Amino acid sequence: MAVANFPALQFKTCDIFRSTPICFKLLPLEKTNLFVKTLVVEAKANTRTESAKIRNRRMLKKFNGTPRRPRLSVFCSEKQLYAMLVDDKNKKCLFYGSTLQKSIRDDPTCTTIDAAKRVGEELVKACIGLNINEISYYDRNGFARGERMQAFEIAIANYGFLPT
C-alpha cells in the first residue's frame, strides 16, 4: 500500500454548501495520511460447460414445444443416453426413453450404442402413435455428437425428424 501525505485544506462549510445559513469553521490539520489501494479487476471467463448452459437457456426462450410440435431434448452422460419429447406449453413429457430401460436393453442384450439406436426407433414409434410429424427444436443440451448421439440421430433422421 502506498501512503500519501497531503496538507489539510482550510475552508468554511458555507463555501462548499451554499444552502446552509450557518458557517462552521473547520480546524486545519497538519498532515493527513491516506492509504491508497490498487484496484484489481478480474474478468470471469465462462468455461465450456457454462457457456453451453447459457446458450441452451437462450435457445429455450426461442423454441417452445407444443403438443403437435414438441421439443426433443437429449442428454448424454458418460455411459448412457436419455431422450424426451417435451410439450412446453402444457409442461408435459410426451415420451421418455433411455438406454437403461429394460425393454430396450434386454431383448437381446446390446451395447449402449445399439441401445441408443433402439431409443431413437422407440421415439419414432411413439411419435407415429401421437400423430407428431415434426419437432420444433432438437435440444442436445450443448453436448458434442459422440457415438451414442450419432446412432440416435441416424435412427430419427431416417424418419425425417431432424430439422435442417
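Before anything else, I noted that this is a predicted model, where local features need pLDDT of at least 70 and side-chain atom pairs count only at pLDDT 80 or more, while totals for chains, interfaces and linings use all residues. Residues are numbered from 1 along each chain as its sequence is written, and side-chain values use heavy atoms, with hydrogens and water left out.

**Entry 1: Asn-131.** I looked up its accessibility and found 57%, so Asn-131 counts as exposed (exposed is over 50% relative accessible area, buried under 20%, partly exposed in between, with a 1.4 Å probe and protein chains only). Asn-131 is not a glycine, yet its phi is positive, about 60 degrees. I found Asn-131 in the loop between α4 (112-129) and β6 (137-139); helices here are DSSP runs of H or I with at least four residues, strands are runs of E with at least two, and both are numbered from the N terminus.

**Entry 2: β4 and β3.** Next I turned to β4, where five of the seven residues are buried. β3 (residues 71-76) runs antiparallel to β4, with six bridges joining them; strands pair if DSSP finds at least two bridges between them. I noted Cys-76 with Leu-81 in β4 as its bridge partner.

**Entry 3: β4 and β5.** I then checked β5, which is antiparallel to β4 and joined to it by six bridges. Ala-83 stands opposite Gly-97 in β5. This hairpin has four residues between its strands, and Lys-91 in the turn has a positive phi of about 55 degrees. Lys-91 is exposed, at 75% relative accessible area.
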